[in-house]
Every structure is written in structure tokens, then in C-alpha cells.
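Here are my notes on the structure, as promised. Have a look at the model first, then read on.

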Amino acid sequence: DDFTSSASDGGGYYASLTRSLSLVLDEFYQTLHKVAVSAATGDGIEDFWNVVGEASQDFEDGYVEDLKCRIEEQNAKKRAIARDAMRRLERDVGEYGDG
């Protein structure tokens, strides 16, 4: 690409950021589902809906499952913190409650 080569010229933060963003966009466009649909005749609309269905399934299988795992991990961390806080409270009450 001309953009990638021009972004590679020079150094520093801005050039590095530009290169990184260029790579992200390149990956995005390579994995993007594409289909041609005629606005005039509607040719390709069935292909369009097939691609929408595939993309929906990709979203469910990839992103939603990953999100559910992340949420469960966060909830497990919160439960562990709460258990630890309760143990400390019980210990403190036991130590100072006899007083």
C-alpha cells in the first residue's frame, strides 16, 4: 500500500500509531463480509441476507460467547473479593468483639 509505506516513513509516536491503525483497518476490511446488491433490480438480495445470517452467527459464536466468559470472570472476581472482605470482617469482629 502507498498509505502503509508513507506511514512507515519517519518514526515517533504518530508514525507508530498510524501504522497500527492501518494494520487494524486492513485486517477489518479483509475479514468483512461483502456482497453486491443492485439497487435498481434487487439482484443479489438473497446473497445479502445469507451473508447477514453468517455474520449474525459469527457474532453469536465469537463476540457474545467471549463477552459471556468475560462477564463470568468479572463476577467470579467480585465474589472472591466479597468473600475475602467477609472473612476479614469476621476476623476483626472476633478479635475486637471479645473486648
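My points follow, from the overall fold down to single residues.

1. Ground rules first: this is a predicted model, where local features need pLDDT of at least 70 and side-chain atom pairs count only at pLDDT 80 or more, while totals for chains, interfaces and linings use all residues. Residues are numbered from 1 along each chain as its sequence is written, and side-chain values use heavy atoms, with hydrogens and water left out.

2. The chain has three helices and zero strands, running α-α-α from the N terminus on. Helices (H or I, at least four residues) and strands (E, at least two) are DSSP runs, numbered from the N terminus.

3. Of the 99 residues, 6% count as buried (under 20% relative accessible area; exposed is over 50%, partly exposed in between, with a 1.4 Å probe and protein chains only). The chain exposes about 8500 Å², and carbon and sulfur atoms supply 57% of that (Shrake-Rupley method, 1.4 Å probe).

4. Look at T18 in helix 2 (residues 12-31). T18 is buried, because its relative accessible area is 15%. The T18 side chain also reaches the backbone oxygen of Y14 at 2.8 Å.

5. Then go to helix 3 (residues 45-97), where you'll find E60. At a relative accessible area of 39%, E60 is partly exposed. E60 belongs to a negative surface patch along with E54, D58 and D61. Patch residues have over 30% relative accessible area and no salt bridge, with like charges joined within 9 Å and nonpolar side chains (Val, Leu, Ile, Met, Phe, Trp, Tyr) within 5 Å. A salt bridge here is a side-chain nitrogen of Lys or Arg within 4 Å of a carboxyl oxygen of Asp or Glu.

Conventions. A polar contact is a pair of N or O atoms within 3.5 Å; within protein, one must be able to donate a hydrogen and the other to accept it, and residues adjacent in sequence count only if both atoms are side-chain atoms. Lys and Arg count as positive and Asp and Glu as negative; His and the chain ends are not counted. The place of a charge is taken as NZ of Lys, CZ of Arg, CG of Asp or CD of Glu.
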